[in-house]
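Dear colleague,

Here is the structure that I promised to pass on to you. Please look through it first, and then read the notes below alongside it.

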Amino acid sequence: MADVVGNIDYDEWNSTILALQVDVAAMQADVLAMQVDIAAMQVTIAALLVLTETGGTVTTTGGVDTIYLNNAPAALYRPVCVKIDFTNHGAGETCVVRVWYRIASGGNLIKQIENTYAAAQDPALISLDLEPNRYGIEVTIEKTAGVNRAYDWEVIYEV
Amino acid sequence: MAVSSYDKLSINTNILLDLPYNEGSGAITSDICKPHHTFNLVNAPTWTSLVSGRGVITFNGVNEYLYASAASTADLDFTTGDYSIGVWVNWTDIGRAEIVIGRYGVDLDGWEVYLELNGGVHYLTQRHHHSSLVPARTGCYSVGWATGTWYLLGISRSGAFPVHYRDGVALGMTYGVGGLSDPDTCNRDMVIGTRFTKNDNWYQNMMWRPRVWSRALSADEWAEIYDEESGWF
């Protein structure tokens, strides 16, 4: 029998409250499920590669000078290209640009590309494609003939 | 796999310096954000690889430091404007204040940040120098920066009362009377790991990825950086 006081039916109240508790419990389960989904999304977002750029100017010395070096990447990453500005490079001058990769942990950087640029360059901006890498990459320039000069450079990579 | 752009990440808005120490070797380290400051490693601080694979630099607390010329860091001459400084630190005490980063002259101009163990309390102090004002230096500090532990050190400056963050969490601050005055404009080399004269106050132990922004990062942004990078440490 309903316990009625005045116009209040306590049995009806109780059943309503119980129903609300069930609804809240269901919502809590939904929120927990969403939190799991959000955590998974955060992991995915954190793993997205970020297209990044660095650059500078290297003045040749006559020896082998480093343009770009990533000697110990923390994880697999993807260099895209290196660009070098040969505007200052004149007639009678020669530069050798090399790209080196390390393909084994603790191994040496091994030369993969060696290009020689003699005399003024037209177009003056040279670009070399770079490849995905885990253990290290270096780009070097060596002035083998002519006056040492400043060369602007830029490397683009995903990490 | 989708690729986003460094410059379009909201966290990198107005970033002026970002040194991830990717080189792992050699005597220079390159800035990966647009200004492309080049920092020189002096006296061969050690390139160190953590268990996680993350490359950091270890300073000996004796004579090793990094610097970039005044001319190449003019964009880091903060006066009235907002700025933020972030860097991962794991320091040990040498019995002296240890400069983390700065571009300053004591009681003259510029800004500096240093760690210090004094009376058993581990301080992070931020100072502004301004010879045009009295007193010629103003500062603030937070505490709890224990030695031998990796921390994400964050500073957001807007106005006279900057806030320090440790591991993405805002800290209780102590300010001098009136807070920090604006630094006087400074034309000096930027230093990491030593005082402006490059002959004392050496930083000892490890450091990774000094960053500087020309805006005040929010608490959420510091928490975001910590969430994304703490796994390396």
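**What was found**

Chain A is divided into domain 1 (4-47) and domain 2 (51-158), where the bounds come from an automatic or database domain assignment. This is a predicted model, in which local features need pLDDT of at least 70 and side-chain atom pairs count only at pLDDT 80 or more, while totals for chains, interfaces and linings use all residues. Residues are numbered from 1 along each chain as its sequence is written, and chains are lettered from A, with ligands numbered from 1, in the order in which they are written.

Taken over C-alpha atoms, the centres of domain 1 of chain A and domain 2 of chain A are separated by 60 Å. Chain A has a radius of gyration of 32 Å, whereas a compact globule of 159 residues would have one near 15 Å; this radius is taken over C-alpha atoms, and the globule rule is 2.2 Å times the number of residues to the power 0.38. Along the principal axes, the C-alpha atoms of chain A fill a box of roughly 110 × 35 × 20 Å.

Chain A contains one helix and 10 strands, these being DSSP runs numbered from the N terminus (helices are H or I with at least four residues, strands are E with at least two). A:Glu12 lies in helix H1 (residues 10-47) of chain A, and this residue is exposed, with 12 other C-beta atoms within 10 Å. For that count, C-beta atoms are placed from the backbone, and a residue is buried if 20 or more others lie within 10 Å of its own, exposed if 12 or fewer, and partly exposed in between. Of the 159 residues of chain A, 21% count as buried.

In chain B, nine strands form an open sheet with antiparallel pairing, in the order E3-E4-E7-E17-E9-E10-E11-E12-E16; two strands pair if DSSP finds at least two bridges between them. Strand E3 (28-30) and strand E16 (174-175) of chain B stand at the edges with a single partner strand each, so one side of each is left without a neighbour in the sheet. E3(B) pairs with strand E4 (residues 38-42) of chain B over three bridges in the antiparallel sense, and B:Ile28 has B:Asn40 in E4(B) as its bridge partner.

Between the chains, E3(A) pairs with strand E1 (residues 3-5) of chain B in the parallel sense, over three bridges, and there A:Leu49 stands opposite B:Val3 in E1(B).
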